[in-house]
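Here is a briefing for a reader who is new to this structure. Please look at the sequence and the model first.

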Amino acid sequence: MVNFYIGIDFGTSGARSITINPEGTVVAETQFPFPTLTDSSEWVALWKTALFTVIQEIPVNVRRQIQRIAINGTSATVLLCDPQGISVDSPILYNDSRGATVLELLKKISPPDHCVISATSSLAKLIWWLTVKTIDIKQQQLGCLYFLHQADWLGFLLHGKLGISDYHNSLKLGYDVENFSYPHWLMNSLKSLINLERLKLPDVVAPGTPIATITPEIAEQLQLPKTCKVCAGTTDSIAAFLASGANVPGEAVTSLGSTLVLKLLSKTPVNNIKYGIYSHRLGDLWLTGGASNTGGAVLRQFFSDFELETFSRQINPNNNSHLDYYPLIKKGERFPINNPELLPCLEPRSDNRVEFLQGLLESMAKIEAQGYQLLQQFGATPLTQVYTAGGGAQNSTWTAIRQGYLNVPMVQPIHTEAAYGSALLALKKVKDVN
């Protein structure tokens, strides 16, 4: 008998599962791509179908030996549910900015520079529901409403315990990850908007904490052991960090996807909304960082995959192009400059497309270096090593250019999938998380 552990990733384009053995070796992988939906009310049914599908497609001989499951979801994707866990309104997705209508109220009720002061934060969405949508609990005779994150609700579908979350997903709800409690300013503010007996915020535990065994019905339906436990999850970006293997203060992960995301493991937290910086707790350590709007999406505006590969091979990373860009798709930047009015700078445009690509890659590398310098300037542990994830990690020319600006060793992680990071959470093989 071999014990196995499942990590399930709910990302922006689909769901994926990775099953590992106690040594961390991958023994099974499944996936469920999301179709394009025009009706947001369809998301809840789709997520349930995706969750059950990625588990049922794991070979049955492996499924029958699963010991624990952990799920990650997109940060600040949220639902309001009745006491039976049924969504009472369409979920609000991670990138939905309707919370912009309550930003002034958020600024009044929350501490200055708090990460909840964002149009896409979990708290902004909750307050939008309470003040703009004004869901009438009494009229619907719901008794109470449960506010849940995507990963919380997916876990509930397996273990049946409603209203439990982790402190990664709950950060942007306002949960105090230093003192492990909801702060007074948050509870007092919500009390002024709704009778708190009618609103249930999730109980918060550490990521990876076993919550409960799966229900007997789910065990039978999915052919899982009745002893299989569901653990508290995390967000998709943190799961990807955990997958990298970085676990020592000073180690960082740069994700070179559509955007540029930096995460540096630090002994001390760094939070500065002015520069788009906030920190997640990771056991006794802190995962501090930010996300820039530059990245692969800009490159795809100008180059095909074939051109990126071909032109990159023609670049000498030791010869600087001296082109100084700020590559963005549209107006607005989050980090290391937090300026919604910042305009893209892509001039002077070189007629030589190889040189133009080099200028873009160098400029993105400068933004990455500026980001890490800023984190350290505000007190984060000095950078010692960078793991690279995302599609850009495969570009060796870009890696060489980045190393010239960062001046630390560059490492490509063995695992980059968020589902693998969640599987490690289930296995409890993540240093210092719990």
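The notes below cover an annotated domain, a pocket, a loop residue and some backbone features.

This is a predicted model, in which local features need pLDDT of at least 70 and side-chain atom pairs count only at pLDDT 80 or more, while totals for chains, interfaces and linings use all residues. Residues are numbered from 1 along each chain as its sequence is written, and side-chain values use heavy atoms, with hydrogens and water left out.

**Annotated domain**

- An unreviewed UniProt entry annotates residues 253-427 as "domain: Carbohydrate kinase FGGY C-terminal"; such annotations may be inferred rather than shown by experiment.
- The span 253-427 is 35% helix and 18% strand, and its end C-alpha atoms lie 22 Å apart. Helices (H or I, at least four residues) and strands (E, at least two) are DSSP runs, numbered from the N terminus.

**Second largest pocket**

- The second largest pocket has a volume of about 430 Å³. A pocket is an open set of points on a 1 Å grid over the protein atoms alone, where a 1.4 Å probe fits, with protein on both sides within 12 Å along at least five of seven lines; the volume is the space filled by probe spheres set on the points.
- Of its 19 lining residues (those with an atom within 4 Å of a point), Arg300, Leu308, Gly391, Gly392 and Asn395 are the closest to the centre.
- Two or more lining residues come from each of α10 (296-302), α11 (305-313) and α13 (396-406); α11 gives the most, with 5.
- The lining has 5 nonpolar, 10 polar and 4 charged residues, with Gly counted as polar.

**Threonine 120**

- Threonine 120 lies in the loop between α3 (103-109) and α4 (122-133).
- Threonine 120 has a relative accessible area of 26%, so it is partly exposed (buried is under 20%, exposed over 50%, partly exposed in between, with a 1.4 Å probe and protein chains only).
- Its contacts (heavy atoms within 4.5 Å) include Tyr94, Asn95 and Lys125, not counting residues up to four places away in sequence.
- Asparagine 95 is 25 residues from threonine 120 in sequence, and 6.0 Å away C-alpha to C-alpha.

**Backbone features**

- Most residues other than glycine have a negative phi, and most peptide bonds are trans.
- A cis peptide bond, with omega about 0°, joins phenylalanine 335 and proline 336.
- The bond from glutamate 347 to proline 348 is cis, with omega near 0°.
- Aspartate 113 has a positive phi of about 65° and is partly exposed at 45% relative accessibility.
- Asparagine 407 has a phi near 60° and is exposed at 63%.
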